[in-house]
Amino acid sequence: MKLLTTTLLLFFIITTTFSQHSISGKVIDQNNTTVPFANVILKEKKGNKTPKGTVTDENGNYKFENISSNTYQIEISVLGFKIEKSKEFKLDSNKTLNFTLKEESQTLNEVVIKSKRPVIKQTAEKLIVDLEKTEMVNSSLQDVMRKVPGVLVTNNGITIAGKSGVRILINGKTTEYMDVDTLLRDFPADNISKVEVVEQPGAEYDASGSGAIINIILKKNVSLGTHGSVMGWIGEDEGFEYGTRASIASYKNKLNWQTSISHSQPTWRDDLFLVRTVGNETYDQATKEPYNPNRFTVSGSLDYYINDKNSIGIGGRWNNRKSDRIASSKTIISRTNTTDILFSENSFDRDRVDFNINPYYEYKSDTDKLLIDFNYIDYKNDNTNTLSDVAGSTIPFQDRRYLQDGKYTIKTYRIDYNKTFSDNFKLSIGSKYAMVNTDSDLKSFLENNTGTFDFDQTNSSQFLVNENIFAIYSKINANYGKWSFSGGLRFEDSNTDGTSVFLKNGQMVTELKKRPISKLFPSASISRKITEEIGSSLSYSYRIRRPSYNSLNSFATYLDPFSAGEGNPALKPAFTNNYQFNLTYKGQPFFTVGYSKTNDVIFDLIKQDNSNAQIRQQAVNVENFTNWNFRLFGPLNFIKGVEGYTGFIVNKNSYNSIIHGVDLSKWNLFWFIQASYKLPWDVNFEMSGNYGTGALQGQIDVDWLAGLDFSLGKKFLDDKLKVNLGFNKMLNRGFNGTIDYGNGTAKVESNGSRQNIQLRLTYSFGSKFGKKKSKRNSSRDEENRIQDNN
């Protein structure tokens, strides 16, 4: 019996082994040139098994192993060639099948559905603006943001639903070390794939920040061959301005690289007019501050696709921004019978350099995605500014000079894993560890009788920050019928040590303050499809806003002879509960109600000292802050030929603090419009405008404001040349308002320069798939069949 069992087992093994076969072969073209990375699909004609697939290697060879006996057919496909299919064959032994592909005789123009405006989709967590397949002739990130419903771009930055504190990310990476104004003006729009406006960040995002997140997702180089673009622009603002940029990218075989270089020198001006009373005196101040920074940026990335599931890469960026400017101030002090004038100049010499490098590893299949990356940031900010009086003043003033050098090093380690169990259930988990080290050194100097400057130890200090943040999170996404749910939990443990070194009572003092924070940050959203066209969602998130590193230092720097800003070592983090309800129509934003409540909100408090007429601005914690906002959006496509959005935003901000004597509350209404229209000769006209009844910007009660920008764009030379003529700030009333100090009021007006005109030209060059195919040669530009899910 034992012998029989052994014999049957051996027979089964031999039968099973010999019933498994292999299929191999080679793929060439009509010129007898091998075709690497072609898709090879093996289809079983009898049975319901999923087809097997592989790709040819660099020599055009393919092989299927352990194939059971049955009837099969092989299909070969590669872009640029006709699909080749074998005849059906019965496999009962190892088989060799070679293929010769024929080139497409027609022009291989890729069929892509284009849209005049971005494809916009509203979900419970975010608003997605897809720019990948639009025909809009954008020029910069600032232009793109003006086309996002509910986002207002003004001289005072970006606001969403009337709330500031917006954070900008690039591919999920922080840009806090970058100059936001530079980012908006210089970042090229043609490099952006999507813009995500995340008002209710999920657990996968850092819990930091009380405002919305704008995540800019860059295009990946997925076009085969070598291609690139050159761009140049000139303009007029507060003088002649210009900029240029060149980029090149290549995708051959498994290697993908991109690089770009840019230089620009824009111009603009910020004007500040302040009228305030101090006892029986009136201080009338006018400050004009021109800007003409010199910017230089180099960036690049390298990706290597190991196979259809694994890839590694590295990216980096180097930025340099130099700014030499002089802000001129004139202060008229009026009394009952006398008048004094103080002329002053504040000269700035700033040099900012930041560098970041980001290596990564990614595994990606139909159901799993693993991303491991490291991001290193090195940022240096060296400032020298001299505040001095000017001939003609009737009030004496001792000149001051400040040297403020800042060094920042940020290292982040991150791992994210996503598992898709089915179309209705997905799990995400991840972790992040960040290390931050900063060194801010302020040296203060006072002018002596000889016209030189002496070191002022009393008003000098050094501030060091050492911060470690560890975070873990988990999140699920689930669908059931018309319902969708997303819920996540993030835990963050942070330790921030701030060390101040300063002179006190004639002795150098080192003061250490520790800020340990361990908290859970939940987030959740639920949505339901009410009808085929109408959907609804409700979402919640809990956030933290940590003080900026500079605001924790007790630096006191004079902006002009009568005003200064100073830090606050006692500043605490703020915690915000956000709630939001959305109604969508065909997936587009339609109606939104939002409410947020913040404890210990970070607030720029402005105080006036009547004894010396000095005003100070300092960040403090205001105990309570609430925001209500109501938004109503509507597309403009009911107007023939017009694409875009219009809408209304009703907003209420309320601040209340017993400690600081703050009690502010205000409703305001904003109307906005973003539209595009195709003029004769295929000229694209784009316009954005807004009007607001007012706003409460911290302590400043702002009067009505308005803005208008428009541009004309056209494409030439088979869409390779794009020309854009932009007219910005055509109607820019600026920032007019009132400050209530508690012991007096002030009228404030902040105006930027107006009527900015820019002409931009962008020329694209090189080979791309989707264009007319040339004969294959030794360079084999088309050699790549990496799967789309990479």
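M145, V195 and I216 touch the most other members of the largest nonpolar core, a group of 43 residues. Such a core is a set of buried Ala, Val, Leu, Ile, Met, Phe, Trp, Tyr and Cys residues joined through side-chain atoms within 4.5 Å. The model is predicted: local features need pLDDT of at least 70, side-chain atom pairs count only at pLDDT 80 or more, and totals for chains, interfaces and linings use all residues. Residues are numbered from 1 along each chain as its sequence is written, and side-chain values use heavy atoms, with hydrogens and water left out.

- I216 is in contact (heavy atoms within 4.5 Å) with L141, I168, L169, I170, N171, F187, I192 and K194, leaving aside neighbours within four places in sequence.
- A second, separate core has 19 residues, among them I23, A38, V40 and L91.

**Aromatic rings**

- The whole structure holds 25 aromatic pairs.
- Rings of Phe, Tyr and Trp (its six-membered ring) pair if their centres lie within 6.5 Å; planes under 30 degrees apart count as stacked, over 60 as edge-to-face and the rest as tilted.
- W268 and Y291 are stacked, at 4.9 Å centre to centre and 5 degrees between the planes.
- This pair links distant parts of the chain, 23 residues apart: W268 is in strand β21 (residues 268-278) and Y291 is in strand β22 (residues 281-291).
- Strands (E, at least two residues) and helices (H or I, at least four) are DSSP runs, numbered from the N terminus.
- Both W268 and Y291 are buried. Buried means under 20% relative accessible area, exposed over 50%, and partly exposed in between (1.4 Å probe, protein chains only).
- Y540, Y579, Y595, W628, F630 and W667 are linked into a cluster by ring pairs.

**Charges over rings**

- R325 lies over the face of F348, 4.4 Å from the ring centre.
- K419 places its charged end over the ring of F421, at 5.9 Å from the centre.
- The rule asks for NZ of Lys or CZ of Arg within 6 Å of the ring centre and within 35 degrees of the ring normal.

**Salt bridges**

- There are 26 salt bridges, each a side-chain nitrogen of Lys or Arg within 4 Å of a carboxyl oxygen of Asp or Glu.
- K85 and E75 meet at 3.8 Å, N to O. K85 is in strand β6 (residues 84-85) and E75 is in strand β5 (residues 70-77), ten residues apart. E75 counts as buried because its relative accessibility is 16%.
- R490 and D206 meet at 3.0 Å, N to O. R490 is in strand β30 (residues 483-504), whereas D206 is in the loop between β16 (192-198) and β17 (213-218), 284 residues apart.
- R490 has 3% relative accessibility, so R490 counts as buried. D206, at 23%, counts as partly exposed.
- D600 and K572 meet at 3.7 Å, N to O. D600 is in strand β36 and K572 is in the loop between β34 (563-566) and β35, 28 residues apart.
- K572 is partly exposed, with a relative accessible area of 42%.
- Salt bridges that share partners join D206, K432, R490, E492 and R546 into one network.

- D600, in strand β36, has a positive phi of about 60 degrees. D600 is partly exposed, at 22% relative accessible area.
- K586 has a phi near 55 degrees. K586 sits in the loop between β35 (574-585) and β36 (588-609). K586 counts as exposed, at 54% relative accessibility.

**Strand pairing around β37**

- Strands pair if DSSP finds at least two bridges between them.
- β34 and strand β37 (residues 614-635) run parallel, joined by four bridges. S563 stands opposite I615 in β37.
- β36 and β37 run antiparallel, joined by 18 bridges. T592 has R631 in β37 as its bridge partner.
- The hairpin of β36 and β37 has four residues between the strands, and A613 takes a positive phi near 65 degrees there.
- β37 and strand β38 (residues 642-657) pair in the antiparallel sense over twelve bridges. R631 has I649 in β38 as its bridge partner.
- The hairpin of β37 and β38 has six residues between the strands, and G641 takes a positive phi near 85 degrees there.
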